Amino acid sequence: MRIVDTPTELKLALNPELALGEAVMDGRVVVEQGSLYDLLDALVAAVHKARPQGWGRTLESLRTAVRRFHQHNTPALAKRNVAHHYDLKSDFFKLFLDPDMQYSCAYFATPGLTLAEAQLAKKRHIMGKLDLQPGQRVLDIGCGWGGMALSIAGDTGASVTGITLSEEQLAIAQERGKASGLPVEFRLQDYRYLTESFDRIVSVGMFEHVGVGYYRDYFRKVRELMTDDGVALIHTIGRSSPPGATNPFIAKYIFPGGYIPAMSEMAAAIEKEGLVVTDVEVLRIHYAETLKHWRENFLQRRKEAVAMYDERFARMWEFYLAASEASFRHDDLVVFQFQLAKKLDGLPITRSYIEQREKEFGQKPAAAAKVAAPEPA
């Protein structure tokens with residue numbers, strides 16, 4: 001890498017986690033051999049082994065101390081934070097996501113799966129854990145572009161209510177729902193304002209946006225919305241290390257108000273709100289492989305991203321995808337799947353039913369594939 005000026009050197013020394021991404025965006029750090037991913041892969045691996053010392057540790061402690069201020073996600077702020085990222089043009093996300101527009105960790109159940117196959121495997125894995133049955137009412141918190149809800153309704157016969165704070169996502173989800181003829185409903189709604197009762201609750205890739213000061217509120221609401229025999233499945237990025245703070249580049253440019261929780265933080269809030277943890281799975285490396293697919297897809301269509309926005313935006317997005325992939329390969333980032341219930345006997349007492357249900361879903365055509373997100377006009 002080449003650093004083009006002395007002021008950039010100083011910024012990198014004082015606050016590298018923020019300054020490196022900004023310098024790449026502005027063309028003040030240039031990769032001259034290999035790719036941006038090669039550089040970030042080497043840097044993240046080296047930093048993970050060294051761990052912060054001195055000024056780096058002080059910065060990390062300061063960020064952790066003030067994190068509740070940065071994650072003060074009132075309903076109004078939550079909608080604004082969601083709009084910053086998820087209300088980008090849906091056509092932009094179609095440049096690198098699978099046709100179902102799954103914007104979360106895929107599940108590479110067997111080697112050699114394509115991105116679309118791994119995303120379908122993820123949905124079926126989650127549906128298996130929920131032990132879904134025809135006629136049940138399901139809530140999808142943070143439904144994205146509707147793919148999970150459509151798969152649940154089409155593959156299980158359950159009815160699904162999906163909620164999102166993204167107007168851009170909602171428009172496509174509603175269009176897909178209408179075209180499918182399935183029992184799905186999509187709303188622009190904050191989970192805090194729901195009052196109905198549901199047999200199953202699923203949330204994929206939304207918990208990262210709840211905010212550390214709202215964990216008990218979130219799980220209290222999940223408990224209130226569940227029937228007595230209800231089950232919830234919370235799929236979220238997590239950290240295998242103790243609680244910390246959001247990377248400053250991610251907080252400023254990608255996910256304002258976001259935070260990746262430690263398992264200890266989630267478990268404490270769950271316990272205090274009277275829910276039973278019936279199963280926990282930690283997915284390792286799966287997100288790194290997902291991000292590799294996204295990054296490669298993005299680079300193949302990078303010119304289209306520049307045309308939609310500009311070169312600086314494309315550099316920012318490449319940095320985000322590459323840095324995230326390297327972090328899931330070398331740092332402390334994983335994915336948690338928490339299965340929750342109100343009662344100890346709300347589900348079978350061994351895990352064998354999960355695989356059995358997945359096989360049942362695998363024998364059917366993929367429901368959501370019939371109503372893939374529409375291509376740009």
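Threonine 8 lies in helix α1, residues 6–14, where helices are DSSP runs of H or I with at least four residues, numbered from the N terminus. The model is predicted, so local features need pLDDT of at least 70 and side-chain atom pairs count only at pLDDT 80 or more, while totals for chains, interfaces and linings use all residues. Residues are numbered from 1 along each chain as its sequence is written, and side-chain values use heavy atoms, leaving out hydrogens and water.

**Threonine 8**
- Threonine 8 counts as buried because its relative accessibility is 2%, the limit for buried being under 20% relative accessible area with a 1.4 Å probe and protein chains only.
- Beyond residues up to four places away in sequence, threonine 8 touches Ile3, Ala23, Arg28 and Val29, contact meaning heavy atoms within 4.5 Å.

**Helix α3**
- Helix α3 (residues 36–50) has 15 residues and reaches 21 Å from its first C-alpha to its last, close to the 21 Å expected at 1.5 Å a residue; the expected span is 1.5 Å times one less than the number of residues.
- Its buried residues are Leu36, Tyr37, Leu39, Leu40, Val44 and Ala45.
- These buried residues of α3 pack against α2 (16–26), α14 (286–300) and α16 (311–330).

**Helices α8 and α17**
- The axes of α8 (residues 115–130) and α17 (residues 352–362) come within 8 Å and cross at roughly 130 degrees; axes are lines fitted to C-alpha atoms over the stretch in contact, with angles from 0 to 180 degrees between N-to-C directions.
- The contact involves residues including Ala121 and Arg124 of α8 and Tyr353 and Ile354 of α17.

Notes: Helix = DSSP H or I, 4+ residues; strand = E, 2+ residues; numbered from the N terminus. Buried < 20%, exposed > 50% of the residue type's maximum accessible area, 1.4 Å probe, protein only.
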